[in-house]
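Biologist: Before we look at this model together, I would like to learn how to read its pockets and its nonpolar cores.

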Amino acid sequence: MGAPILALCLAILSLIALPSKSLAQASSFSLPDIPVLTIKRERLFTETQFGQNLSAEIAVRGRRLSAENRRIEQELADEESELTELRKTLNPEEFRVLADAFDIKVTTARFEQDTKARGLSQLTDQVERRFLFTIAPAIQGLMREKGASVILDRRAVFASADETDITQEAIGRIDSALGQGMPLDELLAPAPASEKDATQDQ
């Protein structure tokens with residue numbers, strides 16, 4: 001009976017020793033020293049010349065839409081006042097026809113203006129995406145110069161050292177490479193067929 005018990009004890013001791021060996025091997029392993037950088041993406045749009053120009057164009061469209069909304073609201077208010085006065089001189093059936101037409105006009109105007117507002121919001125998102133695509137080569141160049149493997153958006157990082165933040169350098173690099181950039185309509189214009197073909201070939 002002694003030999004089987006001794007063999008079992010040795011087997012158990014060998015299993016216990018395995019983690020220590022594994023830890024020793026792990027301690028000799030190290031990740032490659034490749035820096036990870038962070039960036040505040042929103043500042044690229046709000047603080048570069050290119051992004052500021054695009055923001056200004058979007059703001060102009062927003063003010064134009066707001067002015068249009070106020071004009072339509074005033075026109076509808078005036079028409080409602082006129083309809084209220086007409087009610088005094090019209091029979092109920094005649095007034096109901098005009099009132100129903102007015103209600104349809106109000107509903108249609110509200111729908112059209114809400115659609116324009118949603119379109120402006122979607123335009124803003126689209127502009128920001130195209131902006132990031134356009135500035136990507138400048139950011140990638142900065143990343144290569146620093147020997148980094150990745151650049152992370154600081155909003156998605158739980159914690160990081162300030163030394164990893166290259167936002168200010170990126171802003172300077174974008175301003176140097178692109179300056180005022182391009183008008184909004186040009187930014188959103190479809191790429192020429194030749195450019196699309198070149199992109200697909202890569």
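Biologist: How much space lies in the second largest pocket?

Modeller: As a general idea, rolling a probe the size of a water molecule over the atoms shows where empty space is left. In this model, which is predicted, about 170 Å³ of space lies in the second largest pocket.

Biologist: Which residues line the second largest pocket, and which element gives the most to its lining?

Modeller: The lining is made up of Arg-41, Glu-42, Phe-45, Asp-125, Glu-128, Arg-129, Phe-131, Leu-132 and Arg-155. Two or more of the lining residues come from each of H2 and H4, and H4 gives the most, with five residues.

Biologist: Which members of the largest nonpolar core touch the most other members?

Modeller: In soluble globular proteins, nonpolar side chains tend to be buried together. Here the largest nonpolar core has 24 residues, and those that touch the most other members are Leu-44, Leu-54, Val-127, Phe-131, Ile-135, Ile-139 and Leu-184. At least two core residues are supplied by each of strand E1 (36-39) and helices H2 (41-47), H3 (49-86), H4 (92-145), H5 (167-178) and H6 (184-188), while H4 gives the most, with eight residues.

Biologist: What does Ile-135 touch, if residues up to four places away in sequence are not counted?

Modeller: With that exclusion, Ile-135 touches Leu-44, Phe-50, Ile-174 and Leu-178.

Methods:
Residues numbered from 1 in each chain as written. Predicted model: local features only at pLDDT ≥ 70, side-chain atom pairs only at ≥ 80, totals over all residues. Heavy atoms only, no water. Core = buried A, V, L, I, M, F, W, Y, C linked by side-chain atoms within 4.5 Å. Buried < 20%, exposed > 50% of the residue type's maximum accessible area, 1.4 Å probe, protein only. Helix = DSSP H or I, 4+ residues; strand = E, 2+ residues; numbered from the N terminus. Contact = heavy atoms within 4.5 Å. 1 Å grid on protein atoms, 1.4 Å probe; cavity = no way out; pocket = protein on both sides within 12 Å on 5 of 7 lines; lining within 4 Å. Points joined across faces, edges and corners; volume = space filled by probe spheres on them.
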